[in-house]
Each structure stands twice: as C-alpha cells, then as structure tokens.
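User: Could you walk me through this one before I start on my own notes?
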Amino acid sequence: MNVLSSICYGGDYNPEQWPEEIWYEDAQLMQKAGVNLVSLGIFSWSKIEPSDGLFDFEWLDKVIDILYDHGVYVNLGTATATTPAWFVKKYPDSLPTDESGVILSFGSRQHYCPNHPQLITHIKRLVRAIAERYKNHPALKMWHVNNEYACHVSKCFCENCAVAFRKWLKERYKTIDELNERWGTNFWGQRYNNWDEINPPKKAPTFINPSQELDYYRFMNDSILRLFLTEKEVLREVTPNIPISTNFMGSFKPLNYFQWAQHVDIVTWDSYPDPREGLPIQHAMMNDLMRSLRKGQPFILMEQVTSHVNWRDINVPKPPGVMRLWSYATIARGADGIMFFQWRQSRAGAEKFHGAMVPHFLNENNRIYREVTQLGQELKKLDCLVGSRIKAEVAIIFDWENWWAVELSSKPHNKLRYISIVEAYYRELYKRNIAVDFVRPSDDLTKYKVVIAPILYMVKEGEDEKLRQFVASGGTLIVSFFSGIVDENDRVYLGGYPGPLRDILGIFVEEFVPYPETKVNKIYSNDGEYDCTTWADIIRLEGAEPLATFKGDWYAGLPVVTRNCYGKGEGIYVGTYPDSNYLGKLLEQVLVKHHINPILEVAENVEVQQRETDEWKCLIIINHNDYEVTLSLPEDKVYQNMIDGKCFRGGELRIQGVDVAVLREHDEAGKV
Ligand SMILES: [Zn+2]
C-alpha cells in the first residue's frame with residue numbers, strides 16, 4: 001500500500017507550538033523544500049479536547065487547509081501519545097506504576113497504564129471524533145496512531161494490570177496446574193493454588209521466576225498492541241481506505257514488531273544513529289529488519305534528525321552531507337519515505353535543542369535548511385522507486401521472544417546481548433554488500449539459500465521442523481553458541497544441547513564455558529589462527545566434522561566450529577564468538593558455495609544495494625568515505641543517473657566522498 005506515488009518527504013509538524021502567522025511561513029518553506037507529507041497532531045490531545053468531551057478542531061482545520069493549499073499532505077496523528085492533565089486529574093489511577101510500586105507522574109509524556117479501562121473509552125471517543133472530522137479531507141493520506149508505543153513505559157505493574165495479567169494467563173494456560181507446570185513453580189516453592197494469587201513480577205528479594213517474567217513481556221506487548229488495535233478498529237471503520245501505521249523504533253526490545261507489523265498497513269520507524277559511531281551499520285541492519293517485518297514491503301523512515309538530537313550525553317551533529325547520505329542509505333534498503341522529527345525546532349520544552357528541518361534561526365544560507373531543500377528536490381526525481389523491492393538470498397533469524405528469554409537473569413553469561421551477536425554476523429554481510437532479510441524461525445525459509453541463527457536460545461514448538469526442512473532441501477543453516485536450549489516457557493530441553501537442533505547440527509554440547517570480558521582464546525582452522533571471546537562450548541561430535549578447534553585452555557584441540565551434512569544441505573555450528581576475520585571467511589565460503597555474490601565489487605565503506613521490480617533494476621551506491629572512489633560497472637549495460645538524469649554506458653564510475661549514485665539499469669538499446 002503506497003501512501004503517495006512519490007517518495008514521502010517531510011516531518012513531524014507541531015503548529016500548536018507557534019502563532020498562526022508562522023503556519024503560512026511554514027507552508028511556504030515546506031513547498032520550497034519539496035515537502036509533500038507532514039505528521040500532524042501527534043501530541044495534540046489537550047489541544048483538540050481541552051476538557052472532557054469538549055472538542056476544538058478549528059485550529060487544526062485551518063492548519064490542514066493551509067498545508068493542502070501548498071501541496072502538503074497529512075499523516076494525521078491520533079493525538080493519544082499524551083493523556084491531558086484533566087484526564088490524569090480525573091483518573092489518577094491511569095498513571096503507570098513501576099516494578100517498585102512507584103507511580104509515575106504527569107509532566108513528561110506517555111504517562112498511562114495500557115490496561116486502564118477509562119483510558120480505552122476516552123481513546124475511542126477521541127479517535128472517532130478526529131476520524132469523523134477529517135475522513136473526507138483530501139489532504140488526509142495516512143494515520144499516525146499514537147507515537148513510539150512503550151518507548152518510556154513498556155511495563156506497568158498496577159492493580160489494573162494485575163487483573164488483566166491473570167485473565168491473560170487463564171486464557172493461555174486454562175488451568176492453574178498447567179501454569180504451575182509451565183512456570184516450573186515447584187522450584188523455590190512458588191506453587192499457586194488459584195489465579196488470584198498471581199501478580200505481575202514486581203520487585204522481589206532476588207531472581208524472579210524467569211517463566212513468569214517472560215510471560216509478562218508477552219502480556220505487556222499484547223496489552224499495548226491492544227491499545228493500537230482499539231484505535232485501528234475505529235479508523236478502519238470510519239476511513240476504510242486510509243493506510244494506518246504507528247512508528248516503530250527498530251530493535252526496540254519490549255515490542256514484538258513481527259507481531260505488530262501484521263496489524264499495520266505499512267511499517268514506519270524512527271532512526272537516530274549516533275554520528276560518533278561512524279559507519280551506520282546498525283541503522284542499515286534496522287532498515288533491513290523493518291523491511292522484513294512485512295516480507296519486503298517498502299517502509300517509511302518516519303523520524304530521523306537533520307543534524308543532532310538532544311537526549312544523548314553529548315549530541316554530536318551529522319557533518320555536512322551525512323544526513324543526505326544516510327537518507328539514501330535508507331532508501332537503498334527499502335524506504336519509500338524520508339521524514340524527520342521535526343519540521344520547526346521548538347522554542348520551549350524538552351526537545352528544544354533537538355535538530356529540525358527549520359532551525360531556531362533561519363536565513364538563506366543555513367546549512368541545515370539548504371541540505372533539507374536539496375534532498376527534497378532530489379527525491380522528487382525518484383518516483384519510480386516507490387514500491388520496488390530488494391531480493392535477498394541470505395536471512396538472519398530474529399525473534400523477539402527469544403531476545404526476551406535470552407536476556408533474562410541467571411544465565412551462564414549475564415552480559416550476552418542478543419543484538420550484538422546478531423550484529424556480528426550482519427556486519428560481515430553488510431561489509432560485503434550482500435542483501436539480507438530478517439526472518440522468524442517459523443517463517444517460510446524456502447526462498448533463502450543461507451539462514452543464520454545467532455543465539456537461538458529458545459526454540460518454540462515446530463520451529464525446529466522448519467529449520468530441518470530448510471537444511472534437508474539444500475540450505476546452509478549457521479547456528480551460534482547458546483542455541484536450542486529452552487522451550488517457549490524457558491524450560492530446558494533435556495538430553496543434550498542444542499536440543500531439537502542436535503540432529504541438524506550433528507553435535508551435542510556437553511558444557512558451557514563463558515569467558516570473563518578480558519579473556520581471549522585462539523581457534524585454529526585450516527587457513528590460520530583467529531581470536532575468539534565471550535564463550536566456549538564443549539562440543540562432542542555426533543556425525544559433524546570439525547572446521548576449527550580451540551587452541552588454548554583445558555579444552556584445547558576440541559572442535560569449536562563444526563559442519564554436518566543433513567539431507568541436501570548442511571548445518572554449521574559456531575561454538576564461540578570468533579573475531580571478524582574468521583566469521584567473514586566462514587560466511588564467504590558459504591556464500592561462494594551457494595553462488596551468492598556481492599551486488600558490485602566496491603571499495604571499503606561503499607554501500608551498494610539494489611531495488612528492483614519485474615521490469616527494471618536500480619543500483620544505489622553510497623560512498624561513506626570522505627574521499628572519491630572509483631568502481632566499475634558492467635560494460636554491456638547503460639545506466640541512467642536518476643539524480644542528474646544523465647545516461648551513460650557502464651565502465652568506470654567515480655563517486656565523490658560523502659556522495660551517492662542512484663543508477664537505473666537500461667539494456668544495450670537504452671531501453672528500460
Ligand atoms: Zn497498569
């Protein structure tokens with residue numbers, strides 16, 4: 001579902017922070033900058049409904065009309081991101097409670113309990129009023145439901161939530177005996193006789209039952225999703241043809257976005273990579289993840305910043321050209337929209353030092369607005385990209401429930417971070433310009449040749465069978481250490497790790513040896529010696545062959561990386577955290593075997609992705625270096641540079657430092 005037929009370009013617009021005369025100036029500046037969509041009214045509940053049941057839309061009517069007159073469409077907020085002060089005064093128990101029983105106050109934002117009954121009825125009334133008011137306005141192109149759900153309050157521990165949790169558990173487990181069995185409550189004498197004895201996992205003397213904690217993650221995710229679905233139901237009824245979305249936050253742990261994405265019409269997300277980190281690899285990884293949530297459907301980058309944020313300890317701005325470069329890097333991985341927080345930099349409030357498209361002081365030569373305008377005008381030339389896709393033959397398994405489980409307390413290694421292990425594998429593919437999708441283990445894997453499962457600690461019922469079928473039919477499955485350990489309730493698979501994956505991998509893991517942070521060991525493979533850190537598995541072979549062995553410690557000489565033939569494919573197990581050199585070589589060998597090649601051979605720090613339809617392909621090449629690079633394009637092809645419109649035959653191509661090329665392929669005759 002495309003929102004516009006062009007690349008969406010614009011940002012959050014908060015006109016209620018400004019006098020009316022500024023609205024006209026804003027609309028003119030937007031027009032000049034090539035803005036075609038703004039997100040409006042996200043935090044406007046107290047302005048739209050200044051007192052209980054009294055609605056004031058006059059100001060918003062005027063703003064939307066002004067925008068529309070200037071060719072700017074509206075991604076209309078449902079205004080539910082901040083409950084008004086009058087609401088909190090009337091319903092003080094709507095404030096959320098943290099795990100220690102502390103009630104969070106009014107005065108910032110997102111101060112609500114997701115299970116508060118009157119919150120839900122008030123949201124329904126507000127959203128219906130907004131939808132009815134604007135359902136026929138030609139400016140309305142999309143709904144922006146709430147804002148960054150759960151970003152500050154991802155869990156509430158109040159009495160409303162306790163009641164809802166018990167109901168949720170009863171639906172899931174049916175009997176208290178089943179719950180006791182699933183949660184392993186015979187341990188530490190935690191057995192329950194009836195549902196009313198169960199509470200949210202509040203602060204306790206020591207480690208809380210991990211199965212209970214895991215279910216609380218699921219329950220809170222479901223509670224917050226229910227809030228979204230409440231709004232969606234109203235919007236769908238009143239405006240059946242307007243796309244509905246809510247802005248995700250990439251690798252945001254509390255919400256299972258694979259689950260959420262099934263309920264939005266288009267994925268939108270907010271990305272704020274820190275310029276201090278250099279190459280924006282995690283930003284790329286999140287773009288690939290967000291694109292994968294709805295199986296490759298293009299997404300919209302709903303928020304990024306032009307220059308600097310205000311919420312880090314030190315807020316470094318993006319150097320000249322970098323905002324443009326990273327915007328193209330986002331489009332290269334499947335974005336059909338580039339949006340910002342926010343349009344005009346606020347004068348007051350907590351985000352007044354957060355960068356914006358129009359800074360506090362604007363004149364003709366302002367760098368930020370100049371870059372914003374340049375990008376806006378360029379993106380107008382890329383209409384053809386809208387709806388085009390990215391094809392990947394490699395997939396990385398990413399599973400939110402696994403993430404929750406693997407980072408619960410009381411593990412062999414309590415500093416393992418799921419994202420960083422995923423990123424270690426992703427990084428090697430990123431550096432080699434190999435397109436990657438993210439999948440759940442329960443997804444259809446048949447379109448991929450290589451599937452990587454970093455720390456697949458939790459294997460839920462049926463998931464092992466999907467992986468087994470994938471390997472049996474010729475795929476390569478790469479599994480990292482600490483995988484195949486527990487079921488969906490965090491109960492260990494008995495009979496040898498990696499549990500249900502054991503036959504695919506042809507090994508069993510007898511012991512874990514987690515490493516202190518400073519410990520480095522070596523591993524030998526047939527082409528050299530490499531470092532490894534973090535973890536060692538004591539592996540016994542059950543049909544697999546060793547690809548590398550440990551050099552040091554009491555398990556020296558034992559296998560660390562193994563390969564097992566299974567059906568027409570193979571299962572590779574990596575029983576440590578090897579250095580980048582080893583991981584890169586291992587992946588390269590697998591890629592070569594499956595004839596998976598980089599999209600283009602390029603210099604270091606040059607990112608290449610390809611978007612395509614059934615009819616054409618378009619290369620997007622991003623030079624992250626601050627110097628010029630030269631690359632060679634196939635000479636039998638003719639390319640059109642979409643930014644300057646020029647056509648040229650393949651061969652040598654130079655790209656300036658911090659610059660980009662968007663090249664649509666034509667055949668010999670110059671035909672698309
Ligand atoms: Zn609550």
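Analyst: What follows goes from the overall fold to the domains and then to one residue. This is a predicted model, in which local features need pLDDT of at least 70 and side-chain atom pairs count only at pLDDT 80 or more, while totals for chains, interfaces and linings use all residues. Residues are numbered from 1 along each chain as its sequence is written, and side-chain values use heavy atoms, with hydrogens and water left out.

User: How many helices and strands are there in the protein?
Analyst: There are 17 helices and 25 strands, taken as DSSP runs (H or I, at least four residues, for helices; E, at least two, for strands) and numbered from the N terminus.

User: And how much of the protein is buried?
Analyst: Of the 672 residues, 59% count as buried, meaning under 20% relative accessible area with a 1.4 Å probe, protein chains only.

User: What about domains, how is the protein divided?
Analyst: Domain 1 covers 8-149 + 217-385, domain 2 covers 394-593 and domain 3 covers 606-666, with bounds from an automatic or database domain assignment. The C-alpha centres of domain 2 and domain 3 are 36 Å apart.

User: Switching topic, where does Tyr 425 lie?
Analyst: Tyr 425 is part of helix α14, which runs over residues 418-431, and Tyr 425 is buried, its relative accessible area being 3%.

User: Which residues is Tyr 425 in contact with, leaving aside neighbours within four places in sequence?
Analyst: With contact meaning heavy atoms within 4.5 Å, the partners of Tyr 425 beyond those neighbours are Ile 452, Pro 454, Ile 478, Ser 480, Val 574, Leu 583 and Leu 587.

Definitions and conventions
Buried means under 20% relative accessible area, exposed over 50%, partly exposed in between (1.4 Å probe, protein chains only).
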